[in-house]
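Subject: Structure for you, with notes

Hi,

Here is the structure I promised to pass on.

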Amino acid sequence: MKNGFTLLEVLIALLAAALISIMSFDFLSNTVFLKERIDNSISNDSKQSKAMHLMRLDMMQAVPFKLKDQNFNNINNVFIGTNEERILTFVALSTADTSISKSKLRRVIYRYKNDELIRTTTLANNENIVLSEEILLTNVENLEIYFGDSLDDLVDIYPGTSILENNSFPEFIVLNYNINNKNFNQIMGFFR
């Protein structure tokens, strides 16, 4: 009598090992795919949360400083909001700037261009001197922004065309947009 395995026993063992490895590979590949989806979702949510937090922080630091246009003429408004490319413009006091030689007042400009939300800071009286520019969000679709002193009475341009001079901020700013087929609705305000 000889010790060992028959050819049939070896083939059955190889078949069992192959089936186990195929099922393990399928399970592991699904796990890796799920991990990538979760990581992307967390990253996108983090970017979106950071962008809205930065916008809220800018609004908290806003000051009633009359804006000037690019030719240094007074506009007689402290805040401009539209549904065009340049959605928000106002002046804020930058607490992050540690420079002693320059004013801490910064013009903050939010733009919506090519499905991107962009934040630019310039000198308060001269927006031709750009201090920083950052793309906050990408793949932003159908961004709409509304302004008003009541959530029941919102407009898409602030100040309205009937107001020639407005030295105030709107109480509420409502942002509606889509990112990766998810709808977002943010309500923010100056609450002055």
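Five strands make up an open, antiparallel sheet, in the order 1-2-3-4-5. The strand numbers come from DSSP runs counted from the N terminus (E, at least two residues, for a strand; H or I, at least four, for a helix), and two strands pair if DSSP finds at least two bridges between them. Strand 1 and strand 5 are the edge strands, each pairing on one side only. From one strand to the next the twist averages 25°; the axes behind that angle are lines fitted to C-alpha atoms, for helices over the stretch in contact, and angles run from 0 to 180 degrees between N-to-C directions.

Before I go on, a word on the source: this is a predicted model, in which local features need pLDDT of at least 70 and side-chain atom pairs count only at pLDDT 80 or more, while totals for chains, interfaces and linings use all residues. Residues are numbered from 1 along each chain as its sequence is written, and side-chain values use heavy atoms, with hydrogens and water left out.

Gly81 has Leu88 in strand 2 as its bridge partner. On to strand 3 (residues 105-113), which pairs with strand 2 over seven bridges, again in the antiparallel sense; there Ala92 stands opposite Arg106 of strand 3. Strand 2 (residues 86-93) is largely enclosed by the rest of the structure, because six of its eight residues are buried. Buried here means under 20% relative accessible area, with exposed over 50% and partly exposed in between (1.4 Å probe, protein chains only).

There is another open sheet, with three strands in the order 6-7-8 and antiparallel pairing. Strand 6 and strand 8 are at its edges with a single partner strand each, so one side of each has no neighbour in the sheet. Ignoring direction, neighbouring strands are turned by 10° against each other on average. Strand 6 and strand 7 share seven antiparallel bridges, and Val140 sits opposite Ile179 of strand 7.

Now the aromatics. I count six aromatic pairs in the structure. Rings of Phe, Tyr and Trp (its six-membered ring) pair if their centres lie within 6.5 Å; planes under 30 degrees apart are stacked, over 60 edge-to-face, and the rest tilted. Phe79 and Phe147 are an edge-to-face pair, at 5.8 Å centre to centre and 70° between the planes. Phe79 belongs to strand 1 (residues 79-81) and Phe147 to strand 6 (residues 140-148), so this pair ties together parts that are 68 residues apart in sequence. Phe147 also pairs with Tyr158: the ring centres are 6.4 Å apart and the planes at 45°, so that pair is tilted. Tyr158 is in the loop between strand 6 and strand 7 (172-179), 11 residues from Phe147. How buried are these rings? Phe79 is buried, Phe147 has a relative accessible area of 0%, and Tyr158 is buried too, at 8%. Ring pairs join Phe79, Phe90, Phe147, Tyr158 and Phe169 into a cluster.

On a 1 Å grid over the protein atoms alone, a cavity is a set of points where a 1.4 Å probe fits but cannot get out, a pocket is an open set with protein on both sides within 12 Å along at least five of seven lines, and lining residues have an atom within 4 Å of a point.

The largest pocket has a volume of about 270 Å³ (the space filled by probe spheres set on the points, which are joined across faces, edges and corners). Its lining has 15 residues, and the closest to the centre are Asn44, Asp45, Thr138, Ile179 and Asn180. Helix 1 (7-60), strand 5 (126-137) and strand 8 (182-188) each give two or more residues to that lining, and helix 1 has the largest share, with six.

The structure holds one cavity of 30 Å³ or more. Among the residues lining the largest cavity are Lys68, Asp69, Arg107 and Glu127, and strand 5 gives the most, with three residues.

Cheers
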